[in-house]
Amino acid sequence: MLFFSILRVNWFRIAMYSLIFGGLLGGCTTKNIKNKKLWYQLTVPKTWTQNTQGVLSSGQGDFLRISRWFDDSPLSRFVSSQRKAIEIERVGFVTEDESWITLAKCKSWKMVGTHKQPKKNREDTWVYVIINTGQYKYMLEFLTPSENYKQRQLIFNKIIQSFAYHIPEY
């Protein structure tokens, strides 16, 4: 009898730990975002919301905007034109890190930099990621107040790694 009592207690503990850790690892704190118009999906924290223009927000000053372009030029040329557009749009933008990476099995580019808003006493960190899918380029633009970036960096990287696309056949 004692053996079966111990066995039941251990099975109960195993079941409880499985539920707890399975929930944490299984995505209880995240949600999938699918955009049928732009043909992508990704995973974000469950607390993030999406406005009518598709911009995702954490509610803590973090934003993510995703866009897609029909462009079959080499990725290096597209990156160069986007870098120039960023310099024009955000005068004083300072690049802190730039690298070539692979996302969704595609050659991609990632840039992290800071920008101080001229009329506000606030510095923002921007993370730009361009994914080359062949005939389309996706751009993920993250924004967070610079003082929060170290805390948010892991979350942003998980979101970036979760990005997937599916271009329909015509």
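Ser108 stands opposite Ile131 in β8. The model used in these exercises is predicted.

**Exercise 1.** Work out which strands stand at the edges of the open sheet.

Solution. Start from the strand order, β3-β4-β5-β9-β8-β7-β6, in which the pairing is antiparallel. The edge positions belong to β3 (49–50) and β6 (94–103); each has a single partner strand, so one side of each lacks a neighbour in the sheet. Inside the order, β7 (residues 106–116) and β8 (residues 123–132) are joined by nine bridges. Finally, place the helix: α3 (residues 149–162) packs on the sheet and touches β5, β6, β7, β8 and β9. The direction of α3 makes about 160° with that of β9.

**Exercise 2.** Find which residues have the most contacts inside the largest nonpolar core.

Solution. Next, assign elements: β2, β5, β7, β8, β9 and α3 each give two or more residues to the core. Then take Leu64, whose contacts beyond four places in sequence include Leu42, Trp48, Leu140, Phe142 and Ile159. Another core, of 12 residues, lies apart; among them are Leu75, Phe93, Met111 and Leu143.

**Exercise 3.** Decide whether Asp124 is buried or exposed, and find its side-chain polar partners.

Solution. Asp124 belongs to strand β8. Its relative accessibility is 1%, and buried means under 20%, so Asp124 counts as buried. The Asp124 side chain makes polar contacts with the side chains of Gln117, at 2.7 Å, and Arg122, at 2.6 Å. Beyond four places in sequence, Asp124 also contacts residues including Gly113, His115, Leu143 and Pro145.

Key
Residues numbered from 1 in each chain as written. Predicted model: local features only at pLDDT ≥ 70, side-chain atom pairs only at ≥ 80, totals over all residues. Heavy atoms only, no water. Pairing = 2+ DSSP bridges. Helix = DSSP H or I, 4+ residues; strand = E, 2+ residues; numbered from the N terminus. Contact = heavy atoms within 4.5 Å. Axes fitted to C-alpha atoms, helices over the stretch in contact; angles between N-to-C directions. Core = buried A, V, L, I, M, F, W, Y, C linked by side-chain atoms within 4.5 Å. Buried < 20%, exposed > 50% of the residue type's maximum accessible area, 1.4 Å probe, protein only. Polar contact = N/O pair within 3.5 Å; in protein donor to acceptor, adjacent residues only side chain to side chain.
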